[in-house]
Amino acid sequence: MEKKSSDIWNHFSVINNEKAKCSYCSNPISYKGGSTTNLTKHLKRKDYVQYEARKIPRLEMVEQNLDEHEPDEPNEKRPQTSQPQTLSCQPSTTTNINTKKTRPLQTRVDSYIMKPISLNKQKILDEQLAIMIAKEFQPFSLVENEELKKFVHLLNPGYKLPSRKTVSKSLLPQLLNETKERVKNNLNNAQFIAFTTDGWTSINNDSFVAVTVHFIHTTECVLKSFLLGCFNFEKSHSSNNLSVFLKDCFNEWNISEKIKVAVTDNAANITAAIKMNKNWRHIPCLAHTINLIAQAGLEEINHVYKKDKKVVEFF
């Protein structure tokens, strides 16, 4: 007799090539053509408890294999769940389920060995780390934090955080160059460009000037803005120095011919610097203009303002 591989034959015995006998109710069931559909239907309809029980050993086997492959506790022995007792369709007798024995999978040796990640994966993780440090203003010493190292090791034991020197000398400069290239590609799709600029002095008496450009992308037809830089401006803020500085900045990005409009405050030096270039049209900042109007209006009630200020300071 040919050996039957289906689990259903754990509950039936072969009578001939066309019929099989149920192990629980002894009824002959037809299985013409080798199909076990009738056998399964009979077991499900007449012997429902046995039908459900035949699924349990396979599920237990899966759970056992998952437990054995846990990396934190590879050698821990877990208790085996007992096989459920099943009831027969005969009221006066009980029978045991004859399930197909399966051998548990043995844990592979390489599961205990830490595998290094691929160079491509390492590069992707390093780039994301650099982006996080740049956008969230994190210090370079972040990569030396012991708790962060433990957390990263739990997420991916094959990844090792780069040193702070690698972050500052390699990852961030590379990220800066890639970002510049993306900005240049966007600027190439601009027909006309407007820019805004402003300068200020820090509490350490360091002078800075920021330049931001705004344009409509000709292909995507959307408004885009990019900060070209926040520069440490060591020269005096004269109109001539500011004019040369702006021209050099736009020449570096190859957009000098596309600049048409400048929006700044009403300071005399920056206004004169923009007028030195005849191709630029200056538009005063609306918010700054409103602020100047408000300050001029407060001068008329300055005596009332001082009295109110003294009252507030007293309480």
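T212 stands opposite L227 in strand β6. In this predicted model, that position belongs to the pairing of β5 with β6, two strands that run antiparallel and are joined by nine bridges. Both strands are part of an open sheet of five strands, ordered β6-β5-β4-β7-β8 with mixed pairing.

**Sheet edges and twist**

- β6 (223-232) and β8 (281-284) stand at the edges of the sheet; each has a single partner strand, so one side of each is left without a neighbour in the sheet.
- From one strand to the next, the twist averages 25 degrees.
- Strands of a sheet pair through backbone hydrogen bonds, in either a parallel or an antiparallel arrangement.

**Antiparallel pairings**

- β5 and β6 form a hairpin with five residues between them.
- In the turn of this hairpin, C221 has a positive phi of about 55 degrees.
- Strand β4 (residues 190-201) and strand β5 (residues 207-217) run antiparallel and are joined by 10 bridges.
- A194 stands opposite H214 in β5.

**Parallel pairings**

- β4 and β7 run parallel, with four bridges joining them.
- F195 stands opposite A262 in β7.
- β7 also pairs with β8 in the parallel sense, over four bridges.
- V261 stands opposite R281 in β8.
- Between β7 and β8 the chain passes through helix α8 (residues 268-275), and this β-α-β crossover is right-handed.

**Helix α7 on the sheet**

- Helix α7 (residues 239-252) lies across β4, β5, β6 and β7 (259-264).
- The helix runs at about 45 degrees to β5.

**Aromatic residues**

- The structure holds eight aromatic pairs.
- F245 counts as buried because its relative accessibility is 15%, under the 20% cut-off.
- F231, with a relative accessible area of 25%, is partly exposed.
- F195, F250 and W280 form one aromatic cluster.

Notes: Residues numbered from 1 in each chain as written. Predicted model: local features only at pLDDT ≥ 70, side-chain atom pairs only at ≥ 80, totals over all residues. Heavy atoms only, no water. Pairing = 2+ DSSP bridges. Axes fitted to C-alpha atoms, helices over the stretch in contact; angles between N-to-C directions. Contact = heavy atoms within 4.5 Å. Phe/Tyr/Trp six-rings, centres within 6.5 Å; stacked < 30°, edge-to-face > 60°. Buried < 20%, exposed > 50% of the residue type's maximum accessible area, 1.4 Å probe, protein only. Right-handed = clockwise from strand over helix to strand, strands pointing away.
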